[in-house]
Amino acid sequence: MSFKFLKYILPAILFAGLPTLSFASGNLEPTDPVGITFWIISIAMVAAATFFFLESLRFEGKWRTSLVVGGLVCMVAAVHYFYMRDVWVSTGASPTVFRYVDWIITVPLQMIEFYIILAACTTIAMGVFWRLFIGSVIMLVGGYLGEAGFINATLGFVIGMAGWIYILYEIFAGEAGKVSASDAPAAVQSGFSTMRWIVTIGWAIYPIGYFVGYMAGGADANSLNMIYNIADVLNKIGFCLAIWAAADSTAKA
Ligand SMILES: *C/C=C(C)/C=C/C=C(C)/C=C/C1=C(C)CCCC1(C)C
């Protein structure tokens with residue numbers, strides 16, 4: 001008898017188990033739209049993680065890696081969303097430090113996806129991997145030091161912006177952008193292009209939130225969290241779906 005089916009069943013059970021991490025101490029009120037988005041997104045992240053992990057089994061080599069990494073992004077986000085929603089319903093606040101803990105893991109993982117999908121279909125220098133990785137770490141560390149008050153808020157913003165602009169340079173005009181344009185198959189080019197527009201437009205929401213919150217007089221917790229939550233759906237699930245679509249139309253499944 002073959003136990004091959006176990007490789008599909010076990011991850012499904014594992015991820016269906018994630019919601020048990022939730023230990024809500026407050027109640028979700030029907031009049032709390034931000035709380036409702038925290039709830040919906042926490043579950044959507046579990047569904048997305050399960051989907052990417054299971055789909056990864058259809059592919060081989062670097063395409064499989066790209067989907068596993070996508071699954072990790074959504075899984076890490078799911079765990080944080082479960083936690084953030086509980087803090088939100090019991091205190092009406094969501095300290096930004098939780099978001100940074102999430103970002104320091106998920107953002108570098110997303111950055112290296114640019115490298116992985118190119119490596120899946122063509123030759124690309126390892127330097128691209130390191131530059132994207134380091135750019136994202138500089139962006140987040142600068143922002144964190146500024147938000148936490150360890151350095152001046154404007155200085156933190158400038159360091160964070162420098163990291164982000166460097167990433168944009170790499171994926172539009174640097175080596176990653178050039179390799180995609182010249183060597184990648186059409187489906188990968190189109191996935192790459194969707195991903196970089198997400199990194200440009202979707203990601204702009206976070207520095208705007210920082211600017212409004214720390215340099216322009218502050219924003220109320222409700223609007224800021226609502227905006228961050230909606231942004232995360234596009235920037236995490238949408239981003240990984242672009243990878244999945246590229247894999248689906250390029251790789252032998
Ligand atoms: C899933 C979470 C994502 C994609 C989070 C992305 C976060 C950023 C792009 C944050 C960027 C920042 C700047 C560009 C400057 C100011 C400080 C930050 C960290 C808010």
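**The ligand and its cavity**

Five helices each give at least two residues to the shell around the ligand: H4 (96-119), H5 (126-147), H6 (153-172), H8 (186-215) and H9 (221-250). Helices here are DSSP runs of H or I with at least four residues, numbered from the N terminus. This is a predicted model, where local features need pLDDT of at least 70, side-chain atom pairs count only at pLDDT 80 or more, and totals for chains, interfaces and linings use all residues. Residues are numbered from 1 along each chain as its sequence is written, and side-chain values use heavy atoms, without hydrogens and water.

There are 17 residues around the ligand, and Trp103, Met139, Trp203, Tyr206 and Lys236 come nearest; a residue counts if one of its heavy atoms lies within 4 Å. Taken alone, the ligand exposes 530 Å², and the protein buries 100% of that (Shrake-Rupley areas, 1.4 Å probe). By type, the shell has 11 nonpolar, four polar and two charged residues. Tyr, Trp, Cys and Pro are among those counted as nonpolar, Asp, Glu, Lys and Arg are charged, and Gly is among the polar ones.

Where does the ligand sit? In the largest cavity, which means that more than half of its atoms lie within 2 Å of the cavity's grid points. A cavity is a set of points, on a 1 Å grid over the protein atoms alone, where a 1.4 Å probe fits but cannot get out; lining residues have an atom within 4 Å of a point. The largest cavity holds about 320 Å³ of space. Of its 21 lining residues, Trp103, Met139, Leu140, Tyr206 and Pro207 are closest to the centre. H6 gives the largest share of that lining, five residues.

Key
1 Å grid on protein atoms, 1.4 Å probe; cavity = no way out; pocket = protein on both sides within 12 Å on 5 of 7 lines; lining within 4 Å. Points joined across faces, edges and corners; volume = space filled by probe spheres on them.
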